[in-house]
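Please look at the sequence and the three-dimensional structure shown below. The explanation after them leads through the structure one part at a time.

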Amino acid sequence: MDHTDHMDVISVIRTKRDKGELSPGQIDWVIDAYTRGAVADEQMSALAMAILLNGMNRAEIARWTAAMIASGERMNFDALSRPTADKHSTGGVGDKITLPLAPLVAACGAAVPQLSGRGLGHTGGTLDKLESIPGWRALLSNEEMLSVLDTTGAVICAAGDGLAPADKKLYALRDVTGTVEAIPLIASSIMSKKIAEGTGSLVLDVKVGSGAFMKNIEDARELASTMVGLGTDSGVRTVALLTDMATPLGLTAGNALEVRESVEVLAGGGPADVVELTLALAREMLAAAGIDADPAKALADGSAMDVWRRMIAAQGGDPDAALPVARERHVVTAPASGVLTRLDAYDIGIAAWRLGAGRARKEDPVQAGAGVELHAKPGDPVTAGQPLLTLHTDTPEKFGYALESLGTAWDIAPEGTAFTPTPIVLDRIA
């Protein structure tokens, strides 16, 4: 037992409970002791709740993040011939942007190591989406990951257990103790993994609105500024875009449904909002990596699609295989004619989750074909009786449960009502 174990965890909890500032020594000790199991889950939950209620200053958050990085290994991409650029989204509904974005930025000359996660709650996970492609593997060794990155320019895979193990434990704990929303804990969780991952530049997509963890722009701006500060202080060129998540992105929320839509974008088509956000993030990533290239050209000439096909194949997937389709579907029709003025991202996300596209616990399986397809977006004219949404699932007994979450998911205004669309990109923080 090392002498630092005599540092009393109760005194650390009390300091933050009483709105005090944690010292660098307290922070280093508590993260290390928790990772080793010397601090129990219930003690860390008490500290997490105190942080949620009382906050942390910039010095505390920076030290907390550094301690989480120090809990594990750091990766190094120096051997690659290209500059590395990464993107992290704080999670939304229909947020399939990583899928077309990684190959697009790679096609323009960057190396894109996308260490991604699984979905929990109403937000979908990138790995769950890609696992709907027959044969595709999320789990790669560090050697395999570097090899795919070197040969194709992009890799989307699960983060290894060695990166910020403190975060892995704390993430699971926050999820079951109502402390997910704490800005210092969100910022340090994301940035400890990204800094340990060793990327040279990072673009953050911080979602704002009903379908995001940050419901209002002030909270989102605080989170974005905190993360940009952490990245910059650690030598990672970091920029954040605040983007709208009041409405789902694109016309699909689910796993295989979103892969299909991503492939349409790579083929030069796809929904306008998905294309717009993919290009906006691609331009930021390329600028941060010091690459002068036009991503719109790489979408149009098919080079991004070529990288996608090579990347999927390099991870065991068949880019030509038919994607799974759910066995049952249910069409929801518009109750009135007029202009669709609202389609709530959170309600659609909950419906997709209830249909089987997401999981309630980390170990739950997901259905590849389940989800929600949108036939109209805010601003579109609709006619009473026309299809508004199609629900997809293998388990039709879930339709009723999913429909409950759609009770107040939309507003239809009288024909001729003026509608001003919200821009996708709300702000930029660098």
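The paragraphs that follow treat the sheets, then single residues, and finally the aromatic rings. The structure is a predicted model.

One part of the fold is an open sheet of four strands, arranged in the order S6-S9-S11-S7 with antiparallel pairing. Its edges are formed by strand S6 (252-254) and strand S7 (328-333), each of which pairs on one side only. From one strand to the next, the twist averages 15 degrees. Within this sheet, S7 is paired with strand S11 (residues 387-393) in the antiparallel sense, over six bridges.

Helix H11 (residues 256-266) lies across S6, strand S9 (371-374) and S11, and H11 runs at about 135 degrees to S6.

A further open sheet has three strands, in the order S10-S8-S12, and its pairing is antiparallel. The edge strands here are strand S10 (381-382) and strand S12 (410-413), each pairing on one side only. Strand S8 (residues 338-343) is joined to S12 by four bridges in the antiparallel sense. In this pairing, valine 339 stands opposite alanine 413 in S12.

The chain also contains a parallel pairing: strand S2 (residues 112-116) and strand S3 (residues 154-158) pair in the parallel sense over five bridges. For valine 112, the bridge partner in S3 is alanine 154. Is strand S2 mostly covered or mostly open? Strand S2 is mostly covered, for five of its five residues are buried. Val112, Gln114 and Ser116 point one way from S2, while Pro113 and Leu115 point the other way, and all of them are buried.

Why does aspartate 205 count as buried? Aspartate 205 counts as buried because its relative accessible area is 0%, and the limit for that term is under 20%. The side chain of aspartate 205 makes a polar contact with the side chain of threonine 243, at 2.6 Å. When residues up to four places away in sequence are not counted, aspartate 205 touches Lys87, His88, Ser89, Thr90, Leu241, Thr243, Leu277 and Leu281.

The C-alpha atoms of proline 423 and threonine 243 are separated by 8.1 Å, although the two residues are 180 residues apart along the chain. Proline 423 is found in the loop between S12 and strand S13 (425-429). With a relative accessibility of 48%, proline 423 counts as partly exposed.

Threonine 65 provides an example from a helix, being found in helix H4 (residues 58-70). Because its relative accessibility is 1%, threonine 65 counts as buried. Which residues are in contact with threonine 65, leaving aside its neighbours within four places in sequence? They are Ser188, Met191, Ser192, Ile195 and Leu230.

Most residues other than glycine have a negative phi. Lysine 19, however, has a phi near 65 degrees, a positive value in a residue other than glycine. Alanine 164 is not a glycine either, and its phi is positive, at about 45 degrees. Lysine 19 has its place in the loop between helix H1 (9-17) and helix H2 (24-36), whereas alanine 164 is in the loop between S3 and helix H8 (165-177).

The aromatic rings conclude the account. How many aromatic pairs does a search of the whole structure find? The search finds zero. Charged side chains do, however, lie over rings. Lysine 169 lies over the face of tyrosine 34, at 4.4 Å from the ring centre. The charged end of arginine 354 sits over the ring of tyrosine 401, 4.0 Å from its centre.

Technical notes: Residues numbered from 1 in each chain as written. Predicted model: local features only at pLDDT ≥ 70, side-chain atom pairs only at ≥ 80, totals over all residues. Heavy atoms only, no water. Phe/Tyr/Trp six-rings, centres within 6.5 Å; stacked < 30°, edge-to-face > 60°. Lys NZ or Arg CZ within 6 Å of the ring centre and 35° of its normal. Buried < 20%, exposed > 50% of the residue type's maximum accessible area, 1.4 Å probe, protein only. Polar contact = N/O pair within 3.5 Å; in protein donor to acceptor, adjacent residues only side chain to side chain. Contact = heavy atoms within 4.5 Å. Pairing = 2+ DSSP bridges. Helix = DSSP H or I, 4+ residues; strand = E, 2+ residues; numbered from the N terminus. Axes fitted to C-alpha atoms, helices over the stretch in contact; angles between N-to-C directions.
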